[in-house]
Amino acid sequence: MKKFLALVFAIIMVLSCVACENSSTTPESPDGTEVPETEVPETEAPETDAPETDAPETDAPETDAPETEDQFDTPTEIDGKDEREYIFKYTFDNVASMHDETPEGFVLSYHKNLPYELVPGENGYIKNTTDDGYIFIEDKNFVLNGKSFIFEAELTFTSLPVERESNKGKGSYPLSILSWIRKNETNQHYDFAFKMDGDGYIYTTSMTEHTGVKLEVGQKYVISAYYTSEGQVKVLVNGKQVGNKSFTPRDTLNYSVLRLMDGSRAHFGVEIHSACAYYSDMSQFLPDAERSLSEATTNVSKGVYFEGYTEKDALSYAVGEEVNLEVYLMANGEVVSVPYFYYTVEGEDGKQKSEGYADGSKGHFTVTTKMSKPGHALVTVYMCDQNKNKINTNIVFRGGALVGAEQILPGAKAPKDLEAYWDKVIAECYKSDTINLVRFEEVPTSKYNYDVNKYKVYLFEIGYGDGEIATGYITYPLNKTELNLRILFRGYSATRVAEPKFNESAVTMEMAPHGFRMDDPNPKYPNSKYGFDITENQNPDTVYFHGMLTRNILGARLLKAFACGEEYGKIMYNGKQIEPLGVWEKGDYFLSSGGSQGGFQAIAVGAMDDDVTDISMGLPWFCDIGGQNIGRFPGNLRPAYTDALMYYDCCSLATLVDKDVNVTLSAGLGDRTCPPSSIMAVYNALDCNKSITCHQNTDHSYTPPSAAAYRLRNN
């Protein structure tokens with residue numbers, strides 16, 4: 001009997017709930033410690049300054065649930081064979097080996113009451129009996145982090161949710177299904193697929209916005225939650241998409257679990273027939289178009305976008321290997337047709353650009369290409385009318401693959417005296433024992449809609465050189481004894497200044513890229529294409545970015561001195577010393593972050609400041625300047641190559657980054673401003689803990705509602 005109960009426990013661990021977002025109880029981690037539930041603030045996407053395009057808006061589609069189980073065809077079964085790459089799969093037909101079959105990297109952990117019982121037999125299943133208790137499928141080694149995967153269950157409801165008395169009046173849903181719960185240093189993230197009310201209706205966002213799909217008692221459903229690595233949850237019922245939701249992706253986690261459903265707020269009855277998770281992309285769920293674009297929407301620009309999927313990881317193709325890319329036209333989550341597609345194919349191997357038309361009646365088609373050397377294979381797609389004229393040209397697909405990705409090396413070598421050159425600049429920034437501020441003024445937090453009792457904001461100006469200044473904002477939360485550091489940088493713009501950034505766990509600095517007073521009504525801005533002067537770019541001392549990076553080094557020093565202490569210099573203003581906060585110590589987390597030009601600045605500071613522990617570069621600019629000399633795409637905004645610019649190239653700066661620094665990069669496989677091959681060259685030049693994520697159909701100023709993502713990492 002004891003052995004049987006032990007087996008039941010093992011099965012149970014797979015399929016239950018952990019504490020919900022709004023439960024009156026605090027969830028516990030598998031080790032018994034409390035895991036605080038917090039609201040997740042919006043993240044700050046790295047800023048880029050390429051011209052803006054009209055990004056399509058999206059709405060969650062409203063569809064009717066399939067009437068019968070027979071309408072569902074498993075899209076991954078080919079000739080009766082299941083082609084899915086399972087992470088784990090439990091069908092309850094081999095009870096004795098359930099626990100042993102849990103794959104490496106996952107731990108089944110249980111506490112509190114036992115909510116289910118085993119219904120034995122060849123086609124046994126788990127039946128809910130008490131709808132209480134918390135059981136985790138813990139992603140111990142963060143196997144799922146940065147991956148696209150599907151979490152799926154086959155189940156039948158025997159009764160619909162009835163809200164518990166203890167939960168009434170809290171404004172929450174009675175039942176949430178298929179959730180991925182992740183925690184980093186500061187926040188708990190509940191990424192649920194959908195929630196259901198007592199009438200069986202599915203809600204994806206709020207109680208006022210349901211999908212129109214209703215689940216019935218006694219009917220078997222296959223519920224799928226497709227979690228994409230770039231931060232989307234797509235929800236499918238019996239293979240048909242019923243909604244989607246954005247979440248906040250996290251590279252650095254210290255907690256990650258899956259839960260099947262949360263029964264802490266409602267009584268309900270359910271039979272669970274199977275549960276699994278497997279790697280996948282959305283293409284296997286996308287059928288042929290059933291309606292035309294004009295039938296699907298009267299406003300053709302609303303909710304219309306392209307999705308694209310390579311048949312394998314877009315960073316895994318070898319030189320000479322055939323690349324097959326399937327491109328879909330979507331309208332509010334539905335595949336739709338047009339008469340024709342027009343496409344072009346080009347690559348960084350010197351072959352002439354090719355073009356053609358494809359039948360658009362199915363709403364999707366396949367483009368095939370190959371590369372004769374490492375680089376970017378770029379596919380561009382437009383929709384066309386019956387006369388093959390382009391329509392809705394603001395809606396375009398740009399994507400493809402990086403062929404021979406790990407062989408894409410910088411197009412030019414770093415200068416031999418690179419380290420010595422920057423050591424002199426750093427020494428000049430640290431030559432004085434004091435950091436002399438010419439301005440240090442508190443700015444009311446109410447100006448930025450933040451509570452004056454929670455944060456302080458200061459505008460600073462550091463005096464250096466012959467009347468030069470480095471300027472920006474420092475923001476920090478009050479009443480904290482330990483904080484991280486973050487220094488943030490802006491994208492390319494002649495007029496961009498800086499603004500305060502608020503983070504509850506960090507002293508945060510945002511630097512202005514140019515050396516002028518931020519509140520000067522008539523500042524002397526640089527030329528609209530600063531950094532492009534061919535004469536200035538003949539000498540590293542006269543390159544425009546010499547001053548920018550010098551200011552950033554000074555800013556990083558001020559940030560450390562303000563948060564830590566006199567180890568980094570005394571801060572003096574108007575003849576008085578500013579006392580440091582004493583909330584950060586050398587060796588603690590220090591992030592240097594930015595997008596586009598900000599990414600270039602982020603790696604520069606990370607390379608030149610030994611205290612930086614982490615670097616984040618979103619679509620970074622100024623990468624692989626020499627690549628244009630060996631046939632790579634030059635980018636839409638890039639100065640002509642000179643030897644002096646190689647002192648600033650991100651590929652060169654990458655060689656100065658310490659081995660123990662963590663660097664994350666992102667690239668768009670359709671980016672024409674910062675080509676993905678140039679960013680991959682930076683990745684390959686780094687010798688540290690690193691990862692790169694490349695997104696399909698992502699240009700420098702456009703990210704679609706849904707985009708396949710591919711990742712390389714070395715740790």
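The exercises go from the whole chain down to single side chains in this predicted model.

**Exercise 1. Work out which part of the chain to read with caution.**

Step 1: Start with the overall confidence. The protein chain has an average pLDDT of 82, and 80% of its residues score at least 70.

Step 2: Over residues 1-80, pLDDT stays under 50, although the model has 209 contacts beyond four places in sequence for them.

**Exercise 2. Describe how the protein chain is built overall.**

Step 1: Count the elements: there are 7 helices and 39 strands in the protein chain.

Step 2: Check the burial. The protein chain has 715 residues, and 58% of them count as buried.

Step 3: See how far contacts reach. Among contacts with a separation of 6 or more, 69% are between residues 24 or more positions apart.

**Exercise 3. Decide whether Ile223 is buried or exposed, and find what it touches.**

Step 1: Locate the residue. Ile223 sits in strand β13, which covers residues 220-228.

Step 2: Compare with the cut-off. Buried means under 20% relative accessible area. Ile223 has 0%, so it is buried.

Step 3: Beyond its neighbours within four places in sequence, Ile223 is in contact with residues including Phe151, Leu155, Ile177, Phe194 and Val237.

**Exercise 4. Trace the salt bridges of Asp611 and say which parts of the chain they link.**

Step 1: Take Lys560. The closest N and O atoms of Asp611 and Lys560 are 2.9 Å apart in their salt bridge. These two are 51 residues apart, with Asp611 in the loop between α5 and β36 and Lys560 in helix α4.

Step 2: Check the burial of this pair. Asp611 is buried at 6% relative accessible area, and Lys560 also counts as buried, at 2%.

Step 3: Take Lys586. Its side chain meets that of Asp611 in a salt bridge at 2.5 Å, N to O. Lys586 lies in the loop between β34 and β35, so this pair ties together parts 25 residues apart in sequence.

**Exercise 5. Find out how exposed the partners in the Lys353 salt bridge are.**

Step 1: Identify the pair. Lys353 bridges to Glu346, with 3.8 Å between the closest N and O atoms.

Step 2: Read off the accessibility. Lys353 is partly exposed at 49%, and Glu346 is partly exposed at 22%.

Key: Residues are numbered from 1 along each chain as its sequence is written. Side-chain values use heavy atoms; hydrogens and water are left out. Helices (H or I, at least four residues) and strands (E, at least two) are DSSP runs, numbered from the N terminus. Buried means under 20% relative accessible area, exposed over 50%, partly exposed in between (1.4 Å probe, protein chains only). Contact means heavy atoms within 4.5 Å. pLDDT is the predictor's confidence in each residue, from 0 to 100. A salt bridge is a side-chain nitrogen of Lys or Arg within 4 Å of a carboxyl oxygen of Asp or Glu.
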